[in-house]
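Please look over the sequence and the model before reading on.

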Amino acid sequence: MAANLARPLELDLLCRKLDNDFSTLIVGTGTDDNARRSNFLSKAVAAFVLHEAAGASIADAVAASIDGGADHGIDSVFIAADHTIWLIQSKYIDSGTGEPVLGDVSKFRDGVADLLHGKMERFNNALQNRQAALTNALNNEVCKIEVVLAHTGGAIHDDRRHIFGDLERGFNGTNPGFVRCRAFGLASLHDLHLDGASADPIDAEIELKDFGYANTPYRAFYGRMNVKRLVELWNDHQEQLVDRNIRRFKGATTVNAGLRETLKTEAEHFFYYNNGVTFLCHAIAEQHPRDANRQAGKFRVRGMSIINGAQTVGAIAQEPVAHYDEHPAEVLATFVCLENAPDDFGDRVTQSRNRQNAVDLEDFAALDERQSNWQNTLRMAGIAYLVKQGEDDPPLSDTCFSAREIAPYLACAITTNDWPDYVVAAKTDKKKLFGREGFVSSKDPMRQAYSTLFADSLTARRMWRIVQVGRVVLNAVKGRSAEPDPANQLPGTLPAREILTNAGWLILHVVFIRQKAVTDGAGLVLTDAEKQTLSREVDLLAEKLVVVVQANQNWGKQARALFENKADCRTVKASLMAALAQQNQG
């Protein structure tokens, strides 16, 4: 039941955004507060799409509404500067699931057809007042029609898709691409929300000395770059400059200390001692005047980000700009242009260039776009999710967690037959939880651990709830393990304290199985009642676990080894679940 009550976090965040942007500009209509609220949100969804996807101003997006009687299923009409006509039908679905009813979608299709057929008299005054502007746009040879069904539900079914397919076939026969129909469900709306909240790409001018280049198969430039310019870029953009790097600046490591010492005492040698910095960029163009001998060249770079060399830049930026006026230094800089490269080429370059140095498997999570989406979604909800490791990371707290922290919690939530692989790895070697094809042996059972744990189905809300459950349970087990062993403990059995000291991850695994309602709860934050439920559950499991482990006096090993052995974990869990089932029957 709890899973059905939980609205997607993405919907809560979108509603907050709609309220912030449109609550003073749009008035919902209806017979009661719920109806007025729903109508407001439906109108706001249309305005949001026009603002974020069509480039309309907030005022123009609101003014585009024609919602009301005789709108024939079209809620908003907007004519963009490029003569694209946006026709929106918007539906607010409070559950965050499902789709608009078939009748409303059919009405929308018929309304679009009537508009394109020029039957303006069938529409209300709000649309008829735009007839001249619509006719002018439709008569322009570059006019395009964007037909958007915007709703806060899930994917639409084939019957709705067929309706849009008929519309495109009917009007694109002599003018391919004239009409494009799209459905923006909650996932698409959330992507727009994330895009709108993200920082603008970095564009800058740089200079390279003695530069070279490659034009095929993809463009790249390389040469000596003044480190003073790197400091200026860092000061202007900070962490955004290394947004695509798999690691942030790690601070006072031995290597970074060596970099700083070189910059202070022999800056002229820095170019020779350092591996250099690699940038990815969307475009790069040499500027006028040009040097035929390529001794120096100025370049305009768009969409630049450092993907290898964050430690170098971080060390350089520890000194003020003025330091490099007295101690000039240079670094080898490479700019790889993605303008005509395949979609995954940037990630492949990042992965390959970073594999040349000591990099943990966990660091490659930063290349996963889903991690960025989860991070941005949680940030909107006031939760910091650390994907990259850096010097100034905030401590883990009630509003902060990391990819490294959640991985073992996710491992304990695995319920497939290979669960012992994950639970034992959570206890013994957490790096294995980031295993992926190409980085570990093909025979390693954890070679696909990362994709299993961080699956597409994982949501931001579930991530944060899993972390909270994990923290509560492990802290409770730790508290129980600190209690003294009972005086009547049988000789020769494993001590209760030793059992509980090592059993935390297996107990958490059983909690995830038995307390699914808590893990899948509706709120973003665990309630006090849910925490109490978990605490009572740990008390029960700890008591039963000690009994079943001590009942077997033939382990022949210490408790630590017991819970680090997959077969033993499977045996202990089976005995524990049997004891719990027997108690329930009694």
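## The cavity

The model holds 1 cavity of 30 Å³ or more. A cavity is a set of points, on a 1 Å grid over the protein atoms alone, where a 1.4 Å probe fits but cannot get out. Grid points are joined across faces, edges and corners, and a volume is the space filled by probe spheres set on the points. The largest cavity has a volume of about 40 Å³.

Its lining consists of Val423, Lys427, Asn502, Ala503, Trp505, Leu506, Phe563 and Cys569, where a lining residue has an atom within 4 Å of a point. Helix H18 (419-428) and helix H22 (504-514) are the elements that give two or more residues to this lining. Helices (H or I, at least four residues) and strands (E, at least two) are DSSP runs, numbered from the N terminus. By class, the lining of the largest cavity has 6 nonpolar residues, 1 polar and 1 charged. Ala, Val, Leu, Ile, Met, Phe, Trp, Tyr, Cys and Pro count as nonpolar, Asp, Glu, Lys and Arg as charged, and the others, Gly among them, as polar.

## Basis of the model

This is a predicted model, in which local features need pLDDT of at least 70 and side-chain atom pairs count only at pLDDT 80 or more, while totals for chains, interfaces and linings use all residues. Residues are numbered from 1 along each chain as its sequence is written, and side-chain values use heavy atoms, with hydrogens and water left out.

## The sheet

Four strands form an open sheet in the order E1-E2-E3-E4, with mixed pairing. Two strands pair if DSSP finds at least two bridges between them. Strand E1 (76-79) and strand E4 (179-184) are the edge strands, each pairing on one side only. From one strand to the next, the twist averages 15°.

Strand E2 (residues 84-91) runs parallel to strand E3 (residues 144-151), and 8 bridges join the two. Isoleucine 88 has valine 148 in E3 as its bridge partner, and serine 90 stands opposite alanine 150 in E3. E3 and E4 are also paired in the parallel sense, over 6 bridges; here leucine 149 stands opposite alanine 183 in E4. Of the 8 residues of E3, 7 are buried (under 20% relative accessible area, with a 1.4 Å probe and protein chains only).

Helix H7 (residues 131-138) lies across E1, E2 and E3, at about 55° to E1. Axes are lines fitted to C-alpha atoms, for helices over the stretch in contact, and angles run from 0 to 180 degrees between N-to-C directions.

## The second largest pocket

The second largest pocket has a volume of about 990 Å³. A pocket is an open set of points with protein on both sides within 12 Å along at least five of seven lines. Its lining has 41 residues, of which Pro8, Glu10, Leu186, Ala187 and Thr459 lie nearest its centre.

Helix H9 (186-197) and E4 are among the elements that supply at least two residues each, and H9 gives the most, with 5 residues. The lining of this pocket divides into 14 nonpolar, 16 polar and 11 charged residues.

Technical notes. Contact means heavy atoms within 4.5 Å. Buried means under 20% relative accessible area, exposed over 50%, partly exposed in between (1.4 Å probe, protein chains only).
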